[in-house]
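I'm jotting things down as I look them up.

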Amino acid sequence: MDELKPRIRMPQHVAAGEVFQVRTILPHPMETGYRRTRMGEKIPRHIVVAFTVHYNDELVFAADIGPGISSNPYFEFHVRASRSGELVFRWEDDRGQVWNISQKLIVNP
Amino acid sequence: MIQRRKLLIAVSSLPLLTWLPALRASELTRLLETQPLSEDGITISLPKIAETGNSVPLSISVESPMTSEHWVRRLHVMVPGNPEDKAITFTFSPASGRAAVATRIKLARTQFVRAIAEMSDGSVRVAGASILVTAGACVDEVWMN
């Protein structure tokens, strides 16, 4: 099913040198580990810890994430367009689960 | 330039600083003690009031041409009123083009959120904003079977 896939919003075509905005969201509970059930049991932590963005294999943006980020972590950031290619987005959580998604970028010279 | 001493006193009173995984107390203190500090060229945008601390929109912008001569290396978001006082660290490259980010943070209670940017020349910029949180995150009971 698609509901557990990350979603990316960014332009597909940009001009060379243009700085464009990227928005990303990943469905994830981001359980802090500080909450308890009604019975007093601790709810275990389950959070995304790392997010990286590679543009044609070069790291362009990264986030080192703690429990202070809301569930379904959302990020807005920017990238300067140079050559056509691909942006690869990767998330990793504290249970070793990894999500990878890529988006093609066409840069008009 | 701000009064470094005032900021150091404020920062040194941050609780639980010693067990931050990525930016340890010594690193943060060293950063703020040894580098020139400025409040200019960095803005933080945070609502003044949040009904719920579960998802508070935050945006930060650091002025920089983002070239290999001058760019923003890292940006830390400190939430001293939370159980863990660092929310996130963003890492940029000159290819970021602009050091402007937005995200949503969890706040356990009313507090002063701070953004600390490390520039490529070693200088540090700080910005902060107060927010009143009506119902903190992590304090509501969870109904689970």
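I started with the salt bridges (a side-chain nitrogen of Lys or Arg within 4 Å of a carboxyl oxygen of Asp or Glu) and found two between chain A and chain B. One of them links Asp64(A) to Lys86(B), with the closest N and O atoms 3.2 Å apart.

Ground rules before I go on: this is a predicted model, where local features need pLDDT of at least 70, side-chain atom pairs count only at pLDDT 80 or more, and totals for chains, interfaces and linings use all residues. Residues are numbered from 1 along each chain as its sequence is written, chains are lettered from A and ligands numbered from 1 in the order in which they are written, and side-chain values use heavy atoms, leaving out hydrogens and water.

Next, who takes part? I get 34 residues from chain A and 36 residues from chain B in the contact (heavy atoms within 4.5 Å). The chain A side divides into 18 nonpolar residues, eight polar and eight charged (Ala, Val, Leu, Ile, Met, Phe, Trp, Tyr, Cys and Pro are nonpolar; Asp, Glu, Lys and Arg charged; the others, Gly among them, polar).

Then I checked strands (DSSP runs of E, at least two residues, numbered from the N terminus). β5(A) gives the most to chain A's side, eight residues. Five bridges join β5(A) to β6 (residues 86-92) of chain B, and the two run antiparallel (pairing takes at least two DSSP bridges). In that pairing, Ala63(A) has Phe90(B) as its bridge partner.

Conventions: Helices (H or I, at least four residues) and strands (E, at least two) are DSSP runs, numbered from the N terminus.
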